[in-house]
Amino acid sequence: MRDTELMEAFLTEAGEHLATVEDDVLAVERGEADSETINHLFRALHTVKGGSSLLDLRIITALSHDLENVVGKLRDGTLQPDEEITDALLRGIDKLKLLLTDIEDESLPIEEEAELLQGLLSPQRKPPASA
């Protein structure tokens, strides 16, 4: 059984973080994201991952971990932003929001989002050609 007060605090904090990260991803997509924006996005996802892990919310932890990994690669310059990356980030964030609306239902699949995010980290990935 999960601590109700801790769960409520997590849901509030996670909701606040996820309410702001979409703007960060859109700034990345537009090429307007500076290091502060990327760091904000990374910290927000890291916080969601940490809180969900503490509460043993495995699906939320797994998806936020995949999101965090991609943003970490953007942050260290290993990945360069493109439409495929921002689309995958937005899909993952939308799924996290959905998971938070019914925290006890861990049957919502995340495989598609996880596969997209993990595929971005593949050494075989070829970034889209510039238009």
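## Lys97 and its partner

In this predicted model, Lys97 has a relative accessible area of 28% and is therefore partly exposed. Its side chain forms a salt bridge with Glu22, with the closest N and O atoms 3.1 Å apart. The pair connects distant parts of the chain, since Lys97 belongs to helix α4 and Glu22 to helix α1, 75 residues apart. Glu22 likewise counts as partly exposed, because its relative accessibility is 27%, a value that falls between the limits of 20% for buried and 50% for exposed.

## Packing of α1 against α4

Two packed helices are described by the angle between their axes and the distance between the axes. For helix α1 (residues 4-30) and helix α4 (residues 83-101), the axes come within 10 Å and cross at roughly 165 degrees. Angles over 145 degrees count as roughly antiparallel, and α1 and α4 are therefore roughly antiparallel to each other. The crossing of α1 past α4 is left-handed.

On the α1 side, the contact is made by Phe10, Leu11, Ala14, Gly15, Leu18, Val21, Glu22, Val25, Leu26, Val28 and Glu29. Helix α4 contributes Thr86, Asp87, Leu89, Leu90, Ile93, Asp94, Leu96, Lys97 and Leu100. By residue class, this contact of α1 with α4 divides into 13 nonpolar, two polar and five charged residues. Both Glu22 and Lys97 are among the contact residues, and these two residues also form the salt bridge described above.

## Gly92 within α4

Gly92 also lies in helix α4. With a relative accessible area of 0%, Gly92 is buried, the cut-off for that class being under 20%. When residues up to four places away in sequence are not counted, Gly92 touches Leu63, Leu67 and Glu113. The C-alpha atoms of Gly92 and Arg43 are separated by 16 Å, and these residues are 49 residues apart along the chain.

## Other salt bridges

Side chains of opposite charge can pair when their charged atoms come close. The model contains six salt bridges, including that of Lys97 with Glu22. In another, the side chains of Glu112 and Arg91 meet at 2.2 Å, N to O. This pair also links distant parts of the chain: Glu112 is in helix α5 (residues 111-120) and Arg91 in helix α4, 21 residues apart. Arg91 is partly exposed, at a relative accessible area of 35%.

Asp56 and Arg58 form a further salt bridge, in which the closest N and O atoms are 3.2 Å apart. Asp56 is partly exposed, with a relative accessible area of 38%, whereas Arg58 counts as exposed at 58% relative accessibility.

Note on methods
Residues are numbered from 1 along each chain as its sequence is written. This is a predicted model: local features need pLDDT of at least 70, side-chain atom pairs count only at pLDDT 80 or more; totals for chains, interfaces and linings use all residues. Side-chain values use heavy atoms; hydrogens and water are left out. Axes are lines fitted to C-alpha atoms, for helices over the stretch in contact, and angles run from 0 to 180 degrees between N-to-C directions. Helices (H or I, at least four residues) and strands (E, at least two) are DSSP runs, numbered from the N terminus. Angles under 35 degrees count as roughly parallel, over 145 as roughly antiparallel, 65 to 115 as roughly perpendicular and the rest as oblique. A crossing is left-handed if the near helix is turned anticlockwise from the far one by less than a right angle, and right-handed if clockwise. Contact means heavy atoms within 4.5 Å. Ala, Val, Leu, Ile, Met, Phe, Trp, Tyr, Cys and Pro count as nonpolar, Asp, Glu, Lys and Arg as charged, and the others, Gly among them, as polar. Buried means under 20% relative accessible area, exposed over 50%, partly exposed in between (1.4 Å probe, protein chains only). A salt bridge is a side-chain nitrogen of Lys or Arg within 4 Å of a carboxyl oxygen of Asp or Glu.
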